[in-house]
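Here are my notes on the aromatic contacts, as promised. Have the viewer open while you read.

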Amino acid sequence: MGRQSGDINRARKARASTSREGDAGRARLAVLALLGSILVPLVAAGLRSVLWALAGIAALALAAVGVWWTLAHTGALRALGAALSVTAPVAVLALYATFGMLGPALLSLGLWLLAVTAARTALARGHTASEQAVAEAPHAPWVLMNPRSGGGKVGRFGLVEKARAAGCRVALLDAGQDVAGLARQAVAEGADLLAVAGGDGTQALVAEVAARHDLPFVVIPAGTRNHFALDLGLDRDDPAAALEALTLGVELRIDLGYAADRVFVNNASFGTYASVVTDPAYRDAKARTTLRTLPGLLTGEDAPRLRTRADRTYVDALQALLVSNNPYGRAVDAAHPGRRERLDSGLLGVVCVRVGNTAQAARMVRGPRRSGGLVRLSAGMVVVDADTDTLPVGIDGEHVVLPSPVVCRSAPGALRVRVPRRRPHAPRIRGAAADWPRVARLALGPLFPGREEQHRPARMRRHSSDTT
C-alpha cells in the first residue's frame, strides 16, 4: 500500500511539474511577444512611433464617433457618421502605407494579440463540468421536434426517422402549440428522458420541465444558431450526432437562469435590443428595423434608462443589459470568442452598456471597461429596474414583457443534461484578463526559483504540499 501511494504521489509530482513547465513556457512567450510589440515600431520609426500610435488612436476614436452617429441619429448626421466610420481608419492605414509603417504596425498588433493570448493561457486552469457515465439507456424517451426550426433541419437531417430508430417517441410541434404543456404531458405519460430538436427558446421551455421532474435532457441542435448546443460542445453541423447521448452518453449537471418566472438557458436581454425585437417587422427585416428604431431608443425621449443591482453592485443610466446563465467570455478571446466556458458556476453573467453621447463613444477607444461604456459582472442575483411599470425582455431570443423590477437568479445544478461522450467543441476555462506581474514572475521562475510560489495564494500552496 505504501509503495502504491508513493507511486501515485510521484505521478502527481510529474504531472504538476510538466504543467508548471508548460505554463512557464507560455509565460515566456507572452513576455517576449509583448516586448516585441513595443520594439518593432521603435526600431521602425524611433520616437516618432509614438506619433504614429497617437494617429492610430485618433482614427479609432473618430471611427467610434462615426458608428455612434450612424446608430443614434438619422438623416445627414447618420450619413456623415457612416462615412466617418469608414474613412477615418482607411485614411490612417493609407498614411501608414505611404510612410512604410503599415507592416510594422500590423506586426506589432499581431505580437500584442499573441502576447495576450499566451498570457491568459499560461494563467489558465482547466475545468469541465463533472461528468457521470450513463448506466443504462432510457426506456421511454420523448423527443419534441420543431419542423420549421433552422430552415427545416428536422426534415433535412432525417431526425424523425433517426430518433424513432433509436427508440424515441417523437412529437412534432405545430405553430403556436404549448411547448411546455406538451412536455408535461410527456412526463405524465411516463417519459424518462426529454429531448428537443429546435431553437434555444424551445429548448429552455422543455428544459424547465425536465429540471422540475429531475429528468435527463438532451439537446438536438436543430435551430438557427443553437448557442446552448455550442456551449455544451455539440456539433451544430450534425444534429443527429446528439442522439448518441441516448446510448453512448455522459450526464452533466448544469445551471438554469430565471428572469422572474421565465427560465433561460442562454440569456435575458433588457433595454435597446429587447425593445428592437418587439417591432413586428424585426423578424423579416432585422437590419432595416434595427436602424429605423435605434435612434429613438438611444437618444430619444423614450430611450430606456435601466438600473441594475448585481448582488451588492449598483449600476445605472444603462441603455442595454444582458444577463446570462453563467458569464460569457470576452468577444476578443481567440480561443472561444463570446462563449461561456462553463455552465455550472452557479453565477449569472452581467454585461451593462452605457454610451449616451458622442464624447462617451469617443472614449470607447480606451477600452470599453476603462471608458465606463461596458461593465462586466458576475452575481448570484440581479435586479433590473426602470421608470416604467413593465420591461420588454428578450429571453433566449423570444420577446416577453415582465413587470418591473425583474429579479434574475441562477438555479445551480438544476438541469441534468445528457450529451455524447465525444463532443468536438467541449469548452475549457481559460485565464482571466492577463495579470502581467504574475506572468512575469512565472516566466522568470527558472531564473528565480520560488518567486512564483511565494505569490501563489496560501490555499493553493497548501494543496500543493498536501499532494506531496
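Predicted model: local features only at pLDDT ≥ 70, side-chain atom pairs only at ≥ 80, totals over all residues.

1. Residues are numbered from 1 along each chain as its sequence is written, and side-chain values use heavy atoms, with hydrogens and water left out.

2. There are two aromatic pairs in the structure. For Phe, Tyr and Trp (its six-membered ring), a pair needs ring centres within 6.5 Å; planes under 30 degrees apart are stacked, over 60 edge-to-face, the rest tilted.

3. Trp52 and Tyr96 are edge-to-face, because their planes sit at 85 degrees, with ring centres 5.4 Å apart. That pair joins helix H2 (residues 48–72), which holds Trp52, to helix H3 (residues 75–98), which holds Tyr96, across 44 residues. Helices here are DSSP runs (H or I, at least four residues), numbered from the N terminus. Both partners are tucked away: Trp52 is buried at 16% relative accessibility, and Tyr96 is buried at 10%.

4. Trp52 also pairs with Phe99: centres 5.7 Å apart and planes at 50 degrees, so tilted. Phe99 is in the loop between H3 and helix H4 (102–122), 47 residues from Trp52. Phe99 counts as exposed, at 55% relative accessibility.

5. Put together, ring pairs link Trp52, Tyr96 and Phe99 into a cluster.

6. Elsewhere, Arg409 lies over the face of Tyr258, 4.3 Å from the ring centre. The criterion is NZ of Lys or CZ of Arg within 6 Å of the ring centre and within 35 degrees of the ring normal.

Methods. Helix = DSSP H or I, 4+ residues; strand = E, 2+ residues; numbered from the N terminus. Buried < 20%, exposed > 50% of the residue type's maximum accessible area, 1.4 Å probe, protein only.
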